[in-house]
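Please read it alongside the sequence and the coordinates.

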Amino acid sequence: MAKQTSVIHASIVAALFAVLGIGGVVYGSRVALPGLASRHGAGIDAMLDYLLITTGVLFAVGYCALAYFIWTGARRGRIGQRLASRRTELWVSGTIGIAVALVAEGGVLAIGMPVWSEYFDATPPADAVTVEVLAQQFLWNVRYAGPDGQFGRTSSDRIDDVSNPMGMDRTDPAGRDDIITQNAITVPSGRAVRLRLRSRDMIHSFFLPHFRVKQDIVPGMTPEVIFFPTREGSFEMACTELCGLAHYRMRGFFDVVSPEAYEKWLTDQSTPPPARR
Amino acid sequence: MHIALQRERESRREESVRLLLWMFLATITMLFAAFSSAYIVRSSGSDWTRIDLPDALLGNTIVLCASSITLELGSWCGARRRWNLALCGLGGALVLGIGFLVGQLQAWRQLQGAGIFLPSSPHSSFFYLLTGAHGVHVGGALAVLGYASLVATGPGRVEARHWSRAMALSRTFWHFLLGVWLVVLLLLTQY
Amino acid sequence: MAQTTEQTTDMRHGSDAEHAHEPGFIRKYVFSFDHKVIGIQYIITGLLMALVGATLAMLIRLQLGWPDRVWPLLSQIFPKGYVSGVMTPEFYLAVVTMHGTIMVFFFMSYVLVSGFGNYLVPLQIGARDMAFPFLNMLSFWVGSISALLMISSFFVEGGAAAAGWTAYPPLSAVASAVPGSRNGQTVWLVSMAFFIASFTLSGLNIVATVFSERARGMSMWRMPLTVWSYFIASILGLLAFPALTAAAVMLILDRHTGTSFFIPIGLVVAGQHLSHTGGSPLLWQHLFWFLGHPEVYVLILPALGIACDVIPAFTRKPVFGYKLSVWCLIAVGALSMVVWGHHMFVSGMSPFTGEYFSVATLTITLPMTVFGVNMLASLWGGSIRLRVPMMFACAVLALFGSGGLGGLYLGNATADMQLTDTYFVVGHFHMMIGGVTLMATFGGLYYWYPKMFGRMMNEKLGTAHFWLTFTPFFVIFFMQHFLGIQGAPRRYYAFTAYDFLRETRLQNTIISSAAMVLISGQLLFLINFIWSLFKGRKAADNPWEATTLEWTTSSPPPHDNFGPHPLTVHRWAYEYGVPSDVGDYADQRVPKERVAVTA
C-alpha cells in the first residue's frame with residue numbers, strides 16, 4: 001500500500017516537472033522584447049531568438065526526460081546489475097554534453113561575435129548626430145554642440161547644481177551656442193547617433209531598451225555609444241546601474257523625429273529666450 | 001609497535017601542518033598579488049609620480065635579510081644539536097624581526113616628517129598600504145617565532161625532530177615574508 | 001598499554017577531554033572541537049541567518065508586488081523603514097543589499113560549505129576529526145562575530161549598507177551618496193573581513209584534512225563526489241577571497257582616510273565637490289568579481305556534490321560517470337578563476353577583453369553540461385525511491401539545468417548587453433546560487449538529519465515542504481528571466497515610473513504571491529526540524545541503505561566517529577546494484593572477497 005501511494009506520488013512529481021517544462025516554454029514564448037528600434041539591435045535580437053529557441057527546446061526536453069526517468073524509475077523494482085560500463089558512460093556523457101554545448105556555444109559565438117565587433121569597431125559616420133550626456137544623481141543632463149558644431153569646454157570644478165549643472169566654461173566661445181536639456185534627447189531619423197557619456201558622481205548606466213543600447217558610465221571615463229535608429233517615435237531611457245535612492249526613476253525620453261522636425265527643434269532651442277527683466 | 005603508530009601519526013600531522021602552511025602562503029600570495037595588480041594598473045595613470053622613499057627602507061631591508069640568515073643559521077645549528085647556538089639564532093631572528101618593524105615605523109615617521117601622508121598621492125597611498133599589510137604579516141610571523149622560542153626554551157629536552165619540524169615551518173614563513181618584501185620594494189621603486 | 005598510548009596520542013590531538021572526563025556543557029556544545037558539533041553549529045547559525053534573509057526577501061517582494069499598497073503593521077515593526085506605511089527607498093536599498101549579503105555568505109556559505117563540509121568530510125573519508133580541530137572551532141566563532149557585526153549594521157546611523165551586495169564605489173565609498181554609505185558600509189566591510197578570516201581557516205582545514213586524514217584504502221578516486229566538491233571549493237575559496245580582502249581594505253581607506261584607490265577625480269555629490277584624485281571604480285569591480293565569480297562556484301560545487309551522493313541512494317545504482325564528473329568539477333573550478341569579466345561586459349572594459357571573457361565563459365559550459373548530463377543519466381534506468389531527499393535532489397538537477405541554460409545568455413557579451421543589470425540576471429543567479437543550493441541544502445538536511453540527530457524527519461511534512469518550496473521557487477525565478485527580457489532593471493524600488501514596464505506589473509504580483517507561498521512554506525521545515533529532534537522516529541545506523549562511510553557508524557556517531565579500531569576502505573563510494581548479504585549494496589568497507597568490486 002505504501003508502495004502504491006509512493007508510486008502515485010512519484011508520478012505526480014514527474015508530472016510536475018513535465019508541466020513546468022512545457023508550461024515554461026509556453027509562458028516564455030508569449031513574452032516579447034521591447035519593440036526593436038535600431039539597426040545593430042537586429043543582431044542582438046537574432047542572438048536572443050536563437051538562444052530562446054535552442055534553450056527552450058533543451059529545457060523542455062530536459063525536464064520531460066527527468067519526468068520520464070522518475071515516472072519509470074518509481075515503477076521499477078530492484079535492479080540486479082550495473083547498467084552501463086565505464087566506456088558507455090564516457091561515450092554518452094561526452095557525446096550529449098559536447099553536442100549540447102556546441103549547439104549552444106557554437107551558435108552563440110557564430111552569431112554573437114560579428115554583432116559585438118560591428119557594435120564596437122564601427123567608426124561613426126560623418127553625419128552622425130553627436131550628443132553628450134552627463135549623468136548625475138538623479139537625472140540626465142543632455143548637451144548638443146549647437147550651430148557651430150563644437151562642444152564648449154567643461155570642467156567638473158565649475159559644476160553647480162543650480163546655475164551650471166554641466167560645468168560649462170563660460171569663457172569658451174564654442175560653448176555659447178551649446179544646447180542643454182534635461183532628461184530629453186531628440187535626434188533625426190535616417191542618421192546615426194553618437195552619444196558621449198559621462199557621469200559626475202556615481203556609476204550610472206545608460207539604457208535604451210528599444211534600441212538595445214546599454215553602457216555603464218563610470219565616473220572618470222567617457223564611453224561612447226554609436227547606433228542607428230530605424231524608426232521614429234518617443235522612447236524611454238532608464239538607468240541600469242544602482243546609483244542611489246532615486247535610481248528607479250531616472251527617466252528620460254529619447255525622441256526620434258523626422259529631419260524637418262529635428263531642424264525646427266534645433267532652431268527653437270537656439271533661439272535665445274525672451275529677455276529677463 | 002605503538003611507537004611506530006605514534007610516529008606514523010606524527011609524520012602525518014607534520015605533513016598536514018606543512019600543507020596548511022603552504023596553502024596559507026598561497027592565500028597570502030594572492031592577497032599581495034591583488035594589491036600589486038591594483039598598483040600596476042594605477043601606475044599607468046597620467047597623474048602617477050613616485051614619491052621619494054624614506055632612507056630607512058634600505059636599512060630595514062638589510063635587517064630583514066640578516067634576520068632570515070640568523071634564523072637559517074640557528075636552525076642549522078639545532079639540527080646538529082648545538083642548542084646554545086640554535087637558540088641564539090632563533091633569538092637573533094626575533095630581535096632583528098622586531099627591529100625591522102620598528103624600522104618600518106621609523107620610515108613612516110620619516111615620510112610624515114616630509115609631509116607625505118596616506119592620502120597625499122596615489123604612490124604614497126600604495127606605499128603605506130603595502131608596507132602596512134606586509135608589516136601586519138611580519139607581526140603575525142613574529143608571534144609564531146616567539147611561540148616557537150617559548151616552546152624551545154621551555155622545560156624538558158628539545159627533541160631534534162620536533163625542533164627541525166618547528167624550524168622548517170617558521171623558516172618557510174619567515175623567508176616567504178622576506179620574499180614578499182623584496183617584491184614590494186621592487187614595485188615601489190621601479191614602477 | 002594500548003589504552004595509554006591512545007590517550008597520549010589523543011592528547012596530542014586535543015581531544016583528551018573525552019577520555020579523561022566528561023567535558024562540561026560549554027566545552028562540549030559551545031566551544032567544541034568536534035567537527036560534528038561545529039558543523040551543526042554552522043548549520044543552525046546559517047538557518048537563523050536564513051530567517052533574517054527570508055524576511056528581507058518578503059519585504060522586497062511586498063514592495064514590488066503591490067507598490068501602491070500601504071503597510072501600517074510594517075510601520076510599527078520598522079518605524080524608520082516604513083514611513084506612514086510606505087517603504088522608504090533608503091530602506092529598500094538596504095534590504096536588497098543585506099538580503100544578498102546575508103543569503104550568500106551567512107546562509108549558503110555557512111550551511112552548505114562550512115556546515116555540511118565540516119560535518120561530512122571527516123566522516124566520509126573515514127577520519128576521526130578534521131586535521132586541526134582547534135582551528136575549526138576558531139573559524140566558527142570568528143564567523144559568528146562576523147554574523148553579529150552584519151546584523152548590527154542595521155542599527156548604525158544611516159542604516160545598513162545600501163550599495164548592493166557588490167558594493168560598487170563610488171556609491172559605497174562616498175558617505176553622502178546614499179544613507180547606507182555612512183556607517184553601515186564600514187560595518188559591512190569589517191564584518192566581511194571577519195567572514196573571510198573564518199572562511200580561510202575553514203577552507204585550510206578541509207584541504208588539509210582531505211590530504212592527510214583519509215582512512216587506509218581511501219584513495220582520492222574512492223572519495224565520494226561530495227568530498228571532491230568540498231575539496232575543490234575550498235581551494236577555490238582560498239585563492240579567490242584575498243582579492244576581496246585587498247579590495248575591502250582599500251575601500252575602507254578610501255572611505256575614512258581620504259585615499260583615492262577607487263574614487264576618481266572631480267566628483268560632485270550632494271552639491272559638494274570631492275577632493276579625490278584619480279582612482280578607478282573599475283578596479284573595485286575587477287577585484288570584487290575576481291572573488292565573486294569563483295565564490296558562486298564555491299557555493300554550487302558542494303550543492304552538486306551533495307545531490308550526486310543523495311541520488312544513488314534513491315536510484316539504487318551508481319552515479320553515472322563518476323570519474324568524468326570529478327574531472328568536470330576540477331575543470332569548472334580552474335576555469336572559474338579566469339572568467340570574472342563576464343560581470344563587466346558593459347562596464348567600459350575594452351571590447352577585446354570582452355571577447356576573451358565571452359569565449360572563456362562559454363568554455364565553462366562544456367564541463368558543466370557534461371556534469372549535468374551525468375546527473376540526469378544517474379536517474380536513467382534506476383529503481384527510484386522518491387523519498388524527501390530525492391525530491392530535493394531532483395529539484396537540484398532541474399534548477400541546475402534551467403539556470404545553467406540561462407547562463408548562456410549572460411555569458412556572451414552580445415546578449416548580455418541587453419540583459420545585464422536586468423531581472424534576467426536576478427532570475428539566473430537566484431536559480432543557481434539560490435535554487436540549486438537551497439534544494440541541495442534541504443536535500444542534505446533531510447538526508448543527513450538521521451545521522452546528525454539520531455532521528456528521522458517526518459516524511460509527510462517533508463513532502464509538503466518540497467511542494468511548497470520547489471514549485472513557487474521555479475515560478476518566481478523562471479518568470480524573472482522573462483521580466484529581464486522585457487527590460488525590467490535590477491535594484492528598482494518600483495517599476496511604476498516607466499511605460500515600457502507597465503506590462504510587468506501583473507507578473508510582479510504573481511511572483512510576489514508565489515514568494516509569500518515559498519516563504520510561509522518554510523514554516524513546515526522549521527516545525528519538522530524542531531519537532532523531530534524530540535519526537536522523530538529513532539533512526540537506524542543506515543536508514544537510506546547508503547554506501548558511504550558515515551552510514552557505517554551509529555546515528556549519531558560517537559565522538560571519534562568510528563570507534564577505536566582503524567577502518568579500511570576496499571571499494572569506491574557507489575557500490576549499488578550488487579547482491580550482498582545486506583541487500584543490493586555494499587558499503588565502502590566491505591572487502592573484495594565478500595562482494596565483487598565494480599569500480
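A polar contact is a pair of N or O atoms within 3.5 Å, where, within protein, one atom must be able to donate a hydrogen and the other to accept it, and where residues adjacent in sequence count only if both atoms are side-chain atoms. With that rule, 3 residue pairs in polar contact, both residues at pLDDT 80 or more, are counted between chain C and chain B. The model is predicted, and the values below are computed from it.

**How the chains touch**

- There are 2 pairs of chains that touch, and among them chains A and C have the most contacts.
- Chain A and chain B, by contrast, do not touch, and their nearest C-alpha atoms lie 12 Å apart.
- Over all chains, the structure holds 25 salt bridges.

**The interface of chain C and chain A**

- On the side of chain C 110 residues take part in the contact, and on the side of chain A 96 residues do.
- Between them the two chains bury about 8800 Å², with 71% of this area on carbon and sulfur atoms; within chain C, the residues that lose the most area to chain A are C:Thr414, C:Met417 and C:Gln418, which together account for 8% of what that side buries.
- Which residues form a salt bridge between these chains? The rule finds 1 salt bridge across the interface, and A:Arg251 forms a salt bridge with C:Asp499, with the closest N and O atoms 3.1 Å apart.
- Polar contacts across this interface come to 35 residue pairs, both residues of each pair being at pLDDT 80 or more.
- Helix H12 of chain C, spanning residues 351-377, gives the most to the side of chain C that touches chain A, with 13 residues; by residue class, that side divides into 67 nonpolar, 31 polar and 12 charged residues.

**Chain B and its interface with chain C**

- Chain B has 5 helices and 0 strands, so that its pattern along the sequence reads α-α-α-α-α, and its C-alpha atoms fill a box of roughly 70 × 30 × 20 Å along the principal axes.
- In the contact with chain C, 29 residues of chain B meet 38 residues of chain C.
- The area buried between chain C and chain B is about 3000 Å², of which 72% comes from carbon and sulfur atoms, while the count of salt bridges between these two chains is 0.
- On the side of chain C that touches chain B, at least two residues each are supplied by helix H1 (2-12), helix H8 (184-212), helix H9 (225-257) and helix H10 (281-315) of chain C.
- The largest share of that side, 10 residues, comes from H9(C), and the side as a whole divides into 20 nonpolar, 14 polar and 4 charged residues.

**The sheet of chain A that contains E4 and E10**

- In chain A, 5 strands in the order E4-E10-E9-E6-E7 make up an open sheet with mixed pairing.
- Strand E4 (184-188) and strand E7 (213-217) of chain A stand at the edges with a single partner strand each, and therefore one side of each is left without a neighbour in the sheet; from one strand to the next, the twist averages 20°.
- E4(A) pairs in the parallel sense with strand E10 (residues 252-257) of chain A over 5 bridges, and the bridge partner of A:Ile185 in E10(A) is A:Phe254.
- Helix H4 of chain A, residues 259-270, lies across E4 and E10 of chain A and runs at about 130° to E4(A).

**The sheet of chain A that contains E2 and E3**

- A further open sheet of chain A has 5 strands in the order E3-E2-E1-E5-E8, again with mixed pairing.
- The edge strands here are E3 and strand E8 (224-227) of chain A, each of which pairs on one side only, and neighbouring strands are turned by 25° against each other on average, direction ignored.
- E2(A) and E3(A) pair in the antiparallel sense over 4 bridges, with A:Gln182 in E3(A) as the bridge partner of A:Asn141.
- H4(A) packs on this sheet too, touching strand E1 (129-136), E2 and E3 of chain A, and its direction makes about 100° with that of E3(A).
- A salt bridge joins the side chains of A:Arg158 and A:Asp169 at 3.7 Å, N to O; both residues lie in the loop between strand E2 (139-144) and strand E3 (179-182) of chain A, 11 residues apart.

Methods:
Residues are numbered from 1 along each chain as its sequence is written. Chains are lettered from A and ligands numbered from 1 in the order in which they are written. Side-chain values use heavy atoms; hydrogens and water are left out. Two strands pair if DSSP finds at least two bridges between them. Axes are lines fitted to C-alpha atoms, for helices over the stretch in contact, and angles run from 0 to 180 degrees between N-to-C directions. Contact means heavy atoms within 4.5 Å. Buried area is the accessible area (1.4 Å probe) that two parts lose on being put together, summed over both. A salt bridge is a side-chain nitrogen of Lys or Arg within 4 Å of a carboxyl oxygen of Asp or Glu. Ala, Val, Leu, Ile, Met, Phe, Trp, Tyr, Cys and Pro count as nonpolar, Asp, Glu, Lys and Arg as charged, and the others, Gly among them, as polar.
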